[in-house]
Amino acid sequence: MKCRTSVLYLAVVAFFALTVTAQIRPDFSGRWTNEPETKATTTGDLGSGWGANFTIAQDASRLTVEYAFFARGDMQPPLKFVFALDGSETKNSVMMGRGIQVQTSKTAWEGDKLVITTAHSFENPANGQLMKSEVKQTLTLALPTSLIVETTRNGVLGGSPSTTRTVYRKL
């Protein structure tokens, strides 16, 4: 009888531990707009890299970010990026300038924060060699209607690294 009670007790504790772990991970889904008083610090107005308005869709396995990059007259669809929430590598392609640029990303949960690390490959204009630049975006829900995106860009071609903090409100 004691053995059954102990097993039952352990099962209940494990269930609640899983439930608490699942609750730690917030749902970032929604339409978000930049708070007017938020200005990117350090390097102009780079902000989060997702523009002033974007939409996030999230399910158990992935996070999808979509935003308009081009003007209406450009007749281009919005940019769409999909990130696997299990930490596996994802690739997103963007048609910019003279060709397709492939971005490779990984996500990691740090408590209730989601960190998206994206590597961008490009050609060094001085010598033509392939280089990489890394961008890390940390998403935090300050409130159910307030999203903070802290974006860190490493220094490229001798430039200094920069970090910006952008606050969005849910529409």
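V149 is found in strand β9, which covers residues 146–153. The coordinates discussed here come from a predicted model, and every value below is computed from that model. V149 counts as buried, because its relative accessibility is 0% and burial is defined as under 20% relative accessible area. Although V149 and S48 are 101 residues apart along the chain, their C-alpha atoms are separated by 6.0 Å. Once neighbours within four places in sequence are set aside, the contacts of V149 comprise S48, W50, Q137, T138, L139, T164, R165, T166 and Y168.

T151 also belongs to strand β9, and T151 counts as buried at 0% relative accessibility. The side chain of T151 reaches the backbone oxygen of S48 at a distance of 3.4 Å, and S48 is likewise among the residues in contact with V149. With residues up to four places away in sequence not counted, T151 touches G47, S48, V135, K136, Q137, S162, T163 and T164.

## The chain as a whole

The secondary structure of the chain comes to 1 helix and 10 strands, and along the sequence these elements follow the pattern α-β-β-β-β-β-β-β-β-β-β. The chain has 171 residues, of which 32% count as buried. Among contacts between residues at least 6 apart in sequence, 37% join residues at least 24 apart.

## Aromatic pairs

A pair of aromatic rings is described by the distance of the centres and the angle of the planes. The structure holds 4 aromatic pairs. One of them is formed by F54 and Y168, an edge-to-face pair with 4.7 Å from centre to centre and 75° between the planes. Because F54 lies in strand β2 (residues 53–58) and Y168 in strand β10 (residues 162–170), this pair ties together parts that are 114 residues apart in sequence. F54 is buried, with a relative accessible area of 2%, and Y168 is buried as well, with a relative accessible area of 1%.

Y67 and F81 form another pair, which is stacked, with 6.1 Å from centre to centre and 20° between the planes. Here Y67 lies in strand β3 (residues 62–67) and F81 in strand β4 (residues 79–84), so the pair ties together parts that are 14 residues apart in sequence. Both Y67 and F81 are buried.

T64 is found in strand β3 and counts as buried at 12% relative accessibility. T64 and A84 are 20 residues apart in sequence, and their C-alpha atoms are 8.8 Å apart in space. Apart from residues up to four places away in sequence, T64 touches T55, I56, A57, K80, F81 and V82; F81 is also the stacking partner of Y67.

T118 lies in strand β7 (residues 113–123) and is buried, with a relative accessible area of 4%. The side chains of T118 and S105 are joined by a polar contact of 2.7 Å. When neighbours within four places in sequence are left aside, T118 is in contact with F83, Q103, T104, S105, S133, E134 and V135.

| F54 | β2 | 2% |

## The largest pocket

The largest pocket has a volume of about 500 Å³. It is lined by 19 residues, and those closest to its centre are G49, Y67, Q103, H120 and V135. Strands β4, β5 (90–96), β6 (99–110), β7 and β8 (130–143) each supply at least two residues of the lining. By residue type, the lining divides into 10 nonpolar, 8 polar and 1 charged.

Note on methods: Residues numbered from 1 in each chain as written. Predicted model: local features only at pLDDT ≥ 70, side-chain atom pairs only at ≥ 80, totals over all residues. Heavy atoms only, no water. Phe/Tyr/Trp six-rings, centres within 6.5 Å; stacked < 30°, edge-to-face > 60°. Helix = DSSP H or I, 4+ residues; strand = E, 2+ residues; numbered from the N terminus. Buried < 20%, exposed > 50% of the residue type's maximum accessible area, 1.4 Å probe, protein only. Polar contact = N/O pair within 3.5 Å; in protein donor to acceptor, adjacent residues only side chain to side chain. Contact = heavy atoms within 4.5 Å. 1 Å grid on protein atoms, 1.4 Å probe; cavity = no way out; pocket = protein on both sides within 12 Å on 5 of 7 lines; lining within 4 Å. Points joined across faces, edges and corners; volume = space filled by probe spheres on them. Nonpolar A, V, L, I, M, F, W, Y, C, P; charged D, E, K, R; others polar.
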